[in-house]
Amino acid sequence: MKIKLSMDAGAAFDILSIHLVKSQKSSIEANVQNYLDTANEIREQIGGDLFNVICSSEEFAELKMANEKVFEAVDLAKQDKIPASLADSLNYQRFLQKRNLQQKYFNSNLTEQKIGYE
């Protein structure tokens, strides 16, 4: 069963970039389908032109890169090869990239608030 949630556009693009990273790291069809489904839902809500602008933007590329770093750090932290604090720091950098995208393209702040930062 799937439900739809209201969320900031920056959060939606964060989820999209996570699905993109997963689909590139694994050939599992479900990962690709999750990416395509999420992309279609966002495109339907904001329009194809804005969707394409954002997906080809530096902000989206930086958000995707931040998610790649988080995935890599979590894998290393699971094996105790890096401290959890590094994975946490990278996750905070991901939050900052998500916020940048939200502010640039939607001229608003994220409703998500990080605790213990800023």
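Is Lys 4 buried or exposed? I looked it up: Lys 4 counts as exposed, at 66% relative accessibility. My cut-offs are buried under 20% relative accessible area, exposed over 50%, and partly exposed in between (1.4 Å probe, protein chains only).

I noted the basis next. The model is predicted, so local features need pLDDT of at least 70 and side-chain atom pairs count only at pLDDT 80 or more, while totals for chains, interfaces and linings use all residues. Residues are numbered from 1 along each chain as its sequence is written, and side-chain values use heavy atoms, with hydrogens and water left out.

I then searched for salt bridges (a side-chain nitrogen of Lys or Arg within 4 Å of a carboxyl oxygen of Asp or Glu). I count nine.

Entry on Lys 4. Its side chain meets that of Glu 41 in a salt bridge, 3.7 Å from N to O. Glu 41 sits in helix 2 (residues 29-46) and Lys 4 in the segment before helix 1 (9-25), 37 residues apart. I take helices as DSSP runs of H or I, at least four residues, numbered from the N terminus. Glu 41 is partly exposed, at 33%.

Entry on Lys 98. I find a salt bridge to Asp 14, with the closest N and O atoms 3.6 Å apart. That pair joins helix 1 to helix 5 (residues 84-106), 84 residues apart.

Glu 112 lies in the segment after helix 5, 14 residues from Lys 98. I read Glu 112 as partly exposed, at 29%.

Last, I traced the network: salt bridges link Asp 14, Arg 94, Lys 98, Glu 112 and Lys 114.

How values were computed:
Helices (H or I, at least four residues) and strands (E, at least two) are DSSP runs, numbered from the N terminus.
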